[in-house]
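I opened the model to look through a few local features. My notes follow the order in which I looked things up.

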Amino acid sequence: MSAHQPPFVHVQNLQVTFTSRRRLPWQTAQPIHAVREVSFTIGGGSTFGLVGETGSGKSTIARAILRLVQPTRGTILVGGREVTTLQGREVLGYRRQVQAIFQNPYASLNPSHMVGEIIGELLTRHRGVRPGSTRDKLAGELLAQVSMSQDLLDRFPYELSGGQRQRVAIARALAVEPQMIICDEPTSALDVSIQGQVINLLMDIQEQKGVTYLFIGHNLSIVRNISAVVGVMYGGYLVESGPTQRVYAEPTHPYTRMLLASIPVPDVARQRERVAQRRRFEHAEETTHALHRLGGCPFQHRCPLTQAICRQTMPAPTPVAGGGEVRCHFHGS
Ligand SMILES: Nc1ncnc2c1ncn2[C@@H]1O[C@H](COP(=O)(O)OP(=O)(O)OP(=O)(O)O)[C@@H](O)[C@H]1O
Ligand code: SF4
Ligand SMILES: [Mg+2]
């Protein structure tokens with residue numbers, strides 16, 4: 001999980017703008033700037049963790065990499081190949097290279113298919129393995145890789161627990177031998193006791209197969225454990241990124257500091273200080289869409305350091321001592 005691998009993913013100046021639906025005929029459709037000027041790289045066989053509040057654009061980045069939304073601007077290189085312009089059969093090849101697992105495996109597993117078919121289907125589509133005993137054997141081996149018994153091949157998704165379903169989703173992703181897996185909150189719907197097991201499984205898979213991960217999460221402790229590099233999103237911008245150790249030990253952006261202040265810590269005095277800090281940040285709530293229409297830094301209404309320049313200009317990414325970049329006019333203040 002080193003942060004120093006050569007990049008496998010190279011996202012450059014990514015922009016995704018949606019158009020809101022008009023609720024009334026005389027209203028004008030507003031652009032929703034879901035992702036703005038986002039650039040980052042992910043080292044091969046390494047994990048880039050993405051955190052940030054709801055609506056900040058994390059899943060939209062994932063969906064752009066997966067080719068589920070078309071970027072308005074920017075480039076996405078995966079394994080040296082531009083993915084935004086892939087066509088026809090090239091897309092099928094790309095689906096073999098990059099797989100995804102999501103928060104709710106129940107929604108992504110066909111409810112009328114048994115586990116053997118769910119995994120087997122991908123073995124056929126991407127690896128040309130015909131239905132039969134060889135395919136069943138391969139599906140069983142994939143279940144073993146995610147520490148599940150072959151007996152489960154004949155079960156339907158509704159007959160499995162949440163944790164088992166997520167393991168099936170992982171086994172299905174592994175069926176195509178992907179180089180990268182995009183994990184969009186894969187443990188958020190699971191019991192706390194199961195979350196750790198799924199994370200350990202993902203880490204074991206990475207160690208054995210060198211898979212690259214983009215890992216989106218709300219649980220900051222989990223993201224810290226699994227990620228070599230972490231990125232923090234706010235209002236569509238990547239406001240801070242860097243080696244996980246540096247970002248967690250020395251957060252530089254005021255929003256990152258606020259976010260990390262919400263992690264429970266055992267020391268009572270420190271915890272009290274963190275709660276007070278969080279309150280200071282929470283004094284002005286703004287909806288994401290209102291923020292989108294503002295000029296300047298999207299964090300200006302919640303930030304204790306705001307100055308006139310913050311209302312006019314979005315700060316450019318600036319290198320941080322200790323690694324990474326931050327977008328704040330007064331970072332480190
Ligand atoms: N298809 C769409 N059409 C219009 N707006 C969209 C669409 N998809 C996402 N958005 C908007 O883009 C913004 C970013 O959404 P996104 O799902 O990327 O956020 P997120 O960071 O993944 O949030 P969460 O943590 O809740 O999953 C939000 O304001 C959302 O409402
Ligand atoms: S640019 Fe200004 S408003 Fe934005 S985070 Fe930095 S100090 Fe706060
Ligand atoms: Mg999301």
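Which residue just after H1 takes a positive phi? I found Arg67, with a phi of about 65°. Helices here are DSSP runs of H or I with at least four residues, strands are runs of E with at least two, and both are numbered from the N terminus.

Before going on I noted the basis. This is a predicted model, in which local features need pLDDT of at least 70, side-chain atom pairs count only at pLDDT 80 or more, and totals for chains, interfaces and linings use all residues. Residues are numbered from 1 along each chain as its sequence is written, chains are lettered from A and ligands numbered from 1 in the order written, and side-chain values use heavy atoms, with hydrogens and water left out.

**Helix H1.** I checked burial, where buried means under 20% relative accessible area, exposed over 50% and partly exposed in between (1.4 Å probe, protein chains only). H1 spans residues 58–65, and six of its eight residues are buried, so the helix is largely enclosed by the rest of the structure. I listed the buried ones as Lys58, Thr60, Ile61, Ala62, Ala64 and Ile65.

**Ligand 1.** Thr54, Gly55, Lys58, Ser59 and Thr60 come nearest. An oxygen atom of the ligand is 2.5 Å from a side-chain N or O atom of Thr54. I read 2.8 Å from a ligand oxygen to a polar backbone atom of Gly55, and 2.8 Å from a ligand oxygen to a side-chain N or O atom of Lys58. Taken alone, ligand 1 exposes 640 Å², of which the protein buries 67% (Shrake-Rupley areas, 1.4 Å probe). S2 and H1 are the elements that give two or more residues to the shell. H1 gives the most, with three.

**Sheet.** I traced an open sheet of four strands in the order S2-S1-S4-S5, with antiparallel pairing (strands pair if DSSP finds at least two bridges between them). S2 (31–43) and S5 (81–82) are at the edges with a single partner strand each, so one side of each has no neighbour in the sheet. S1 (residues 7–19) and S4 (residues 73–78) run antiparallel and are joined by five bridges. Val9 stands opposite Val78 in S4.

**His126.** Last, I looked up His126, which lies in helix H4 (residues 115–127). His126 counts as buried, at 11% relative accessibility. Leaving aside neighbours within four places in sequence, I found His126 in contact (heavy atoms within 4.5 Å) with Leu92, Arg95, Arg96 and Val176.

How values were computed. Near = heavy atom within 4 Å. Polar contact = N/O pair within 3.5 Å; in protein donor to acceptor, adjacent residues only side chain to side chain.
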